[in-house]
Amino acid sequence: QVQLRESGGGLVQAGGSLKLSCETSERTLSTYNMGWFRQAPGKEREFVARISWSRSNILYADSVKGRFTISRDNAKNTLYLQMNNLKPDDTAVYSCAATPTFFNWSSAYWGQGTQVTVSS
């Protein structure tokens, strides 16, 4: 069972920045494709960004493109999400996911999530 742990969430004013991290002790995670998702109160979970194990395949949701940057350090078994120019609509619980398949999230491992709150 792969365990993922997110950190870095918090309260920030609109226009501010946060950097989320997703750590695991699993060395095999360096071969997993990974992603960030978020879920706001009363809404369904939505895709934010994804990155392949080799970093060659990166995709962002239109709502965060140009503001968020996904990255990973395979040597540290850590996934990151740099979030700049945050907006109140970015308020949500952010979760990371890891899958050994080609971004098939139905078979992914998930973290518990970290809360991000953006005040106006």
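Mentor: Start with Glu46. Glu46 is partly exposed, with a relative accessible area of 34%. Buried means under 20% relative accessible area, exposed over 50%, and partly exposed in between, using a 1.4 Å probe and protein chains only. This is a predicted model: local features need pLDDT of at least 70, side-chain atom pairs count only at pLDDT 80 or more, and totals for chains, interfaces and linings use all residues. Residues are numbered from 1 along each chain as its sequence is written, and side-chain values use heavy atoms, leaving out hydrogens and water.

Glu46 has a partner. It forms a salt bridge with Arg38, with the closest N and O atoms 2.5 Å apart. A salt bridge here is a side-chain nitrogen of Lys or Arg within 4 Å of a carboxyl oxygen of Asp or Glu. Arg38 is buried, at 6% relative accessible area.

Now look at Asp90 and Arg67. Their side chains meet in a salt bridge, 2.7 Å from N to O. Asp90 lies in the loop between β8 (78–83) and β9, and Arg67 in the loop between β6 (58–60) and β7 (68–73), so the pair ties together parts that are 23 residues apart in sequence. Asp90 is buried, at 1% relative accessibility. Arg67 is buried too, at 10%. Arg38, Glu46, Arg67 and Asp90 are linked in a network of salt bridges.

Lys65 and Asp62 form a salt bridge as well, at 3.1 Å from N to O. Both Lys65 and Asp62 are exposed. The whole structure holds 4 salt bridges.

Next comes strand β9, residues 92–99. Strands are DSSP runs of E, at least two residues long, numbered from the N terminus. In β9, 7 of its 8 residues are buried. Two strands pair if DSSP finds at least two bridges between them. Strand β4 (residues 33–39) pairs with β9 in the antiparallel sense over 7 bridges. There, Asn33 has Thr99 of β9 as its bridge partner.

Strand β11 (residues 114–119) also runs antiparallel to β9, joined by 3 bridges. Val93 stands opposite Gln115 in β11. Strand β10 (residues 109–110) pairs with β9 over 2 bridges, again antiparallel. Ala97 stands opposite Trp110 in β10.

Note on methods
Helices (H or I, at least four residues) and strands (E, at least two) are DSSP runs, numbered from the N terminus.
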